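Good morning, and thank you for joining. Please look at the model on the screen while I go through some of its packing.

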Amino acid sequence: MRKGRITIPTDENYVEGTKKIAELWGADAVRDCDGVKLPKNPRDIADKVYNVYFVDRGNHEWAKNNPDEWQHMFLMTPFVTATEKTVRVHLMDTFYDEQLKPDFSPAAVKHIEVIDRTTGQVHTDWVADEANGDVVIQGATPFHQYTVAFLGISLWHPVHMYNYITNDWDEPHHVMYDPYYPKTKKFIRENLRRWCDENPECNVVRFTTFLYMFSLVFNEKGKERNVDWFGYNMAVSPRMLDDFEKQYGYKMRAEYLVDQGYYNQTHRLPTKQYKDWMAFVENFVIETVKDLVKITHEKNKEAMMFLGDCWIGAEIFGERYAELGLDALVGSVGGGVTVRMLSDVEGVRYKEGRFLPYFFPDTFFEGNEENATRELCNNWITARRAMMRNPLDRIGFGGYLELAAKFPKFIKRVSEICDEFRYIYDTVKAQTPKNFAKVAVLNAWGKKRSWMCNMTAHELWYQPSYSYQGIYEALSGLPVEVQFINFDDVKAGRLGEFDTVINAGDAGTAWSGGEYWADEKVLTEVRKFVYNGGGFIGVGEPTALQREGKFFQLSDVLGVDKECGISLGEDKYNIQKQDGHFITRGIESPIDYGEDKKNIYALRGTNILDIAFSDRFTRKVNVGEVKMATNDYGKGRSFYITGLPYGAQNAKLLYRAILWTAGKEDMDNKSYCVNPLTEAHYYGDRYAVINNTAEKQTTDFYDINGSAQKLSLVPYEIKWIPA
């Protein structure tokens, strides 16, 4: 057994048990978590001691004495239909009164915005009724709909609220105070210095996190109402709004942030105003956190950022992130996507992943050991794929270790994973994994949202998006280099850096591109790239925008378009499926298209790899729905598929599509496993052949020269083979 690179939770009530498990797992770091305290001598357990630190919450005395500097959020009421000329709107309808309250101060009221949603015009005839918590709209047009956007004061940190409810806590609610205000700006620096002095046992300050929470608002029943892990709607205050106007020369209207009630979710095309606000907040956060990191270093401690909670403004793929001077980044691992979201970050010395399950009573209760162990194994083998390409520097767990200790099978399995992780790290970091293609993912966000595409709440499953998110999960462990680019990158001529471009998403979203596909420069650059030999992969509704006689603006490249019910009179004859294509070779069972897309048809000359027919129609024209197709375009190639949720077979399918569109079929059967439940990685002096399942697998494995051998792998095994 090796030692190191492992972090475990502990608390003052479980010291001896922690020591035993730390020895078993080879842990060299301990951490606390919400609701518990570190032991008096934690360095008796491990060399590194992480201590959770809250910049913007946790000091109840400060919060109580400075209510004028509590944090705010912009909110919008539901749509209200006027039946008379006077409409009374109660602002807290559908919001949780323990989380927030309306701010009726003059500085906040001037930012209230009433909009006639039937006309889209601002309605200026209204009055605020603070006594009743209402806005009274006057001069309304009967049977028009209206909304009211307003600034709410945050009364309870939403993550503290979650933990409070989950773990049945009984303690004061954490209120968030705002460092943009002068007293709090000074206080957070002084408080950090004091805290560092009072916690000499801590040598790693685990900032959880910095200044502003991502958007997480609860409804009147205390259930989640709006969530966006990337949202900036809780990073706002009257003072910030005034300073923004001075700096940018225009008013940051409420509408620019509430965004018709969409709240600029990351799926929306980002507007200029929203991107300006993000930059404004990011610059403030960067400058503030730089000071906090400097103080931490002056106190001879490392500064670690938790990628969660109040991470807004500390954009890990932002241009200024390295300026923070952080030592470490830690985040929760949901799978390969979140591994790469952490491991691909530049500007910190080491990156750590907190694995699942969390040691909380909702998982660790009597009789649930098998489920907890299964969740651990599934989390590990999914994340392990990404580790084989770019591993994290450390892994760890969170919660109450005493709960997990009651499950001996679970504890043993973690020990095995810790040893395996250390071997992977030592091997992969010593060499550069071989990549066989260079892939660009094209969307409206580009690098800023690397590995975050089609994600709403940190890799949680969403029905409309898992068919796209599976693409990135597959990519996270494939032997290809991946970069994320936006449409400005296309216009700047960057496509030539790549073998293949992927555009995937629903029409009108940031991921597909929406209005960006009306830009003739974008269209011509992509066409030129493919025509001259590049590859293009479209998933779902790529390049989608109904204009100029087509829905897929690059239907000529893709070889397919979508029938939207307005071109039914144009006969469509290409309905014949073609078998034996390179991409589908070795794909034996039916393809999983996830939520799929309907009414996709093939243009003349397109090669259909899969098509579905209705048993209601027997005609030989205007029937069938294309699921998968390829197209030659000049010297280049394209591949289209209606959806690609993550699975072993779909990962294999995507890899073969990348090789084919890149014109690299000669890379087939090189460092390659025939069985899709197994995968191979080449590190120069050795290969890693991995079994991604809990069952025994056999596969034909091809080395880099194309020589084959049959291998048998036990459950979860990695077989290391000398090159």
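Predicted model: local features only at pLDDT ≥ 70, side-chain atom pairs only at ≥ 80, totals over all residues.

Val127 stands opposite Val136 in strand 11. Residues are numbered from 1 along each chain as its sequence is written, and side-chain values use heavy atoms, with hydrogens and water left out.

These strands belong to an open sheet of 3 strands, ordered 6-11-10, with antiparallel pairing. Two strands pair if DSSP finds at least two bridges between them; helices (H or I, at least four residues) and strands (E, at least two) are DSSP runs, numbered from the N terminus. Why is one side of strand 6 and of strand 10 left without a neighbour in the sheet? Strand 6 (87-90) and strand 10 (126-129) stand at the edges, so each has a single partner strand. On average, neighbouring strands of this sheet are turned by 20 degrees against each other, direction ignored.

I turn now to the helices. The axes of helix 6 (residues 238-248) and helix 8 (residues 272-298) come within 11 Å and cross at roughly 110 degrees. Axes are lines fitted to C-alpha atoms, for helices over the stretch in contact, and angles run from 0 to 180 degrees between N-to-C directions. Helix 6 and helix 8 are therefore roughly perpendicular to each other; angles under 35 degrees count as roughly parallel, over 145 as roughly antiparallel, 65 to 115 as roughly perpendicular and the rest as oblique. Residues in this contact (heavy atoms within 4.5 Å) include Met240 and Phe244 of helix 6 and Trp277 and Phe280 of helix 8.

Helix 5 (residues 182-198) packs against helix 8 at an angle of about 20 degrees, with the axes 10 Å apart. Helix 5 and helix 8 are therefore roughly parallel to each other. Among the residues making this contact are Ile188 and Leu192 of helix 5, with Leu292 and Ile295 of helix 8.

Finally, the aromatic rings. A search of the whole structure finds 45 aromatic pairs, where rings of Phe, Tyr and Trp (its six-membered ring) pair if their centres lie within 6.5 Å, and planes under 30 degrees apart count as stacked, over 60 as edge-to-face and the rest as tilted. One of these pairs, Phe359 and Phe397, is stacked, at 5.6 Å centre to centre with 10 degrees between the planes.
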